[in-house]
Amino acid sequence: MSNPVPDTPATAGSLIGQIRDAVMSRQRFLITSHSRPDGDSIGSQLAMAFALDALGKQSRIINADRAPEHYYEFPGLDRIEITTDVPGDAAADAVIVMECGDLARTGVRGFEGRYIINIDHHAGNRMYGAINWFDESAAACGEMVYDVIGALGVPMSPEIATHIYLAILTDTGSFHHSNITPRTFEICRQTVEAGVNPAIMARRVYDSNSFGKLKLIGALLDQMLLVDEGRLAIMRMDDAMLEACGCTNNDTEGIINLPLTAREIQAVVFFKTSGADGVRVSMRSKYDVDVRMVASAFGGGGHKNAAGFTVPDRLSDIQDRVVERLIRAVHEGLRTRPKG
Ligand code: AMP
Ligand code: MN
C-alpha cells in the first residue's frame, strides 16, 4: 500500500504507530466488532484479518451475530465464528475491537481483561483498550483500518481492497452521509486501483434483495406514517409482517434509507419489535439533522445521519417520546442546513 493519503489527522499518527508496534510484536489475534454487524464492521474486520495473514500472523474473527446473507459473497466471510462467548481455546496476545464504544457492544463475553486495541469512529467511545484510537472524523472504521494496514507495510491485496471499499460504501450510506472527505475518495481510488469493481460492489450490496424483501418494502412503505408536514417518516415492523412476507430480521437492512429518497423527508425512524423482547430503533437523516443525539438520549449511539438504540420497553411506551425528540432534531438541523 502507498503512503497514508493526505489529511490523515496529525494526532492519529502516534496512535497508528502504537498500533503498528503492538501488532508487530504479537502473534495471535482475536478480531471482533459490534453485534448485528454491518458492512463497516465486516469490512474492517476482514481487511484486518487479511492483513494479519500477509504478516504471517494468526487471527480469529469472533462475532455475536451472522452478517446479512449477501455479505457472504465477499471473501473470507466463512472465517467469522459466531458465538456470544469467546471460545475456551481462543488464546490470543491481543484483541482488536472495531466499531465498539464499549465492550458490551460486541455482544460477546470473554474479551474483558485481555490486551485490547480499540479502533472506532463513533462519538462517545469509552476508551476501554490498552490502545484507543478513536477518530470521529473517519467516514468509516474501514478508513482507519486502511491507515493501520498501511503502517504495517501490507500491500493492498484485492481482498483487503474489497473489504475497505465495502466498509466505506456501506458506512457512508453509499456516499450519501455528510462525513465524506477527499480522503474517503482517495482511499476508494486506491481500492479500485487494487482491483475493486464499484459496479459489482454496489450491485452485490444494494441489489441482492429477495422477492420477499420487495414485498416487505411495499408493506412498510404502505403503512409508513408521515408527521411534521412530511419531514419525519415513521416505519414500524413486527413479527407478523415479517412472516407475511416470508422474511427474517436480516432482510430489513437498508430499508430505512428508502423514505429519505422523498425530497421532503428529512429523517426516518424505524421501530422493530420483531425477534427479541423490546424495541430496536434505527434512525437516518439528511444533512445536519442529528439523530445520534436522539439515540444517545435513549442509551444508544451512532453518527449524525445514522444512529440507533434498543430498549426493553413496549413500542407504545417510547414511540411518542422518540418522535417528539426527532421533530426537534429536524427543526434544529434545518436551521443549519448547508447551502448548495
Ligand atoms: P443501525 O440503525 O442499526 O444500522 O445503526 C446505525 C448506526 O448507529 C450504526 O453506526 C450503529 O453502530 C449505531 N448504533 C446502533 N445501535 C447502537 C447502540 N445501541 N449503541 C451505539 N451505537 C449504535
Ligand atoms: Mn462504522
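Which residue has a polar side-chain atom 3.2 Å from an oxygen atom of ligand 1? The answer is in the first point below.

1. The model is predicted. In it, Arg36 places a polar side-chain atom 3.2 Å from an oxygen atom of ligand 1.

2. Strand 10 (279-285), strand 11 (301-303) and strand 12 (306-311) each give two or more residues to the shell. Strand 12 contributes the most, with four residues.

3. The surroundings can also be described by residue. There are 14 residues around ligand 1, and those that come nearest are Arg105, His122, Arg280, Ser282 and Arg284. By type, the shell holds seven polar, four charged and three nonpolar residues.

4. Ligand 2 is a manganese ion, coordinated by Asp40 through OD, Glu99 through OE, His121 through NE2 and Asp171 through OD. The distances run from 2.0 to 2.3 Å. Along the sequence these donors follow the spacing D-x58-E-x21-H-x49-D.

5. His121 belongs to the loop between strand 5 and strand 6, whereas Asp171 belongs to helix 4 (residues 158-171), and 50 residues separate the pair. His121 has a relative accessible area of 0%, so it counts as buried. Asp171 is also classed as buried, because its relative accessibility is 10% and the cut-off is under 20%.

6. Glu99 deserves a separate remark on its backbone. Its phi is near 70 degrees, a positive value in a residue other than glycine. Glu99 sits in the loop between strand 4 (94-98) and strand 5 (116-120). Its relative accessible area is 2%, so Glu99 is buried. The side chain of Glu99 is also one of the manganese donors, through OE.

7. Met127 is another residue other than glycine with a positive phi, here near 55 degrees. Met127 lies in the loop between strand 5 and strand 6 (131-134). Is Met127 buried or partly exposed? Its relative accessibility is 42%, so Met127 counts as partly exposed.

Note on methods
Residues numbered from 1 in each chain as written. Chains lettered and ligands numbered in written order. Predicted model: local features only at pLDDT ≥ 70, side-chain atom pairs only at ≥ 80, totals over all residues. Heavy atoms only, no water. Buried < 20%, exposed > 50% of the residue type's maximum accessible area, 1.4 Å probe, protein only. Near = heavy atom within 4 Å. Polar contact = N/O pair within 3.5 Å; in protein donor to acceptor, adjacent residues only side chain to side chain. Nonpolar A, V, L, I, M, F, W, Y, C, P; charged D, E, K, R; others polar. Donors = N, O, S within 2.8 Å, 3.2 Å for Na, K, Ca; no water.
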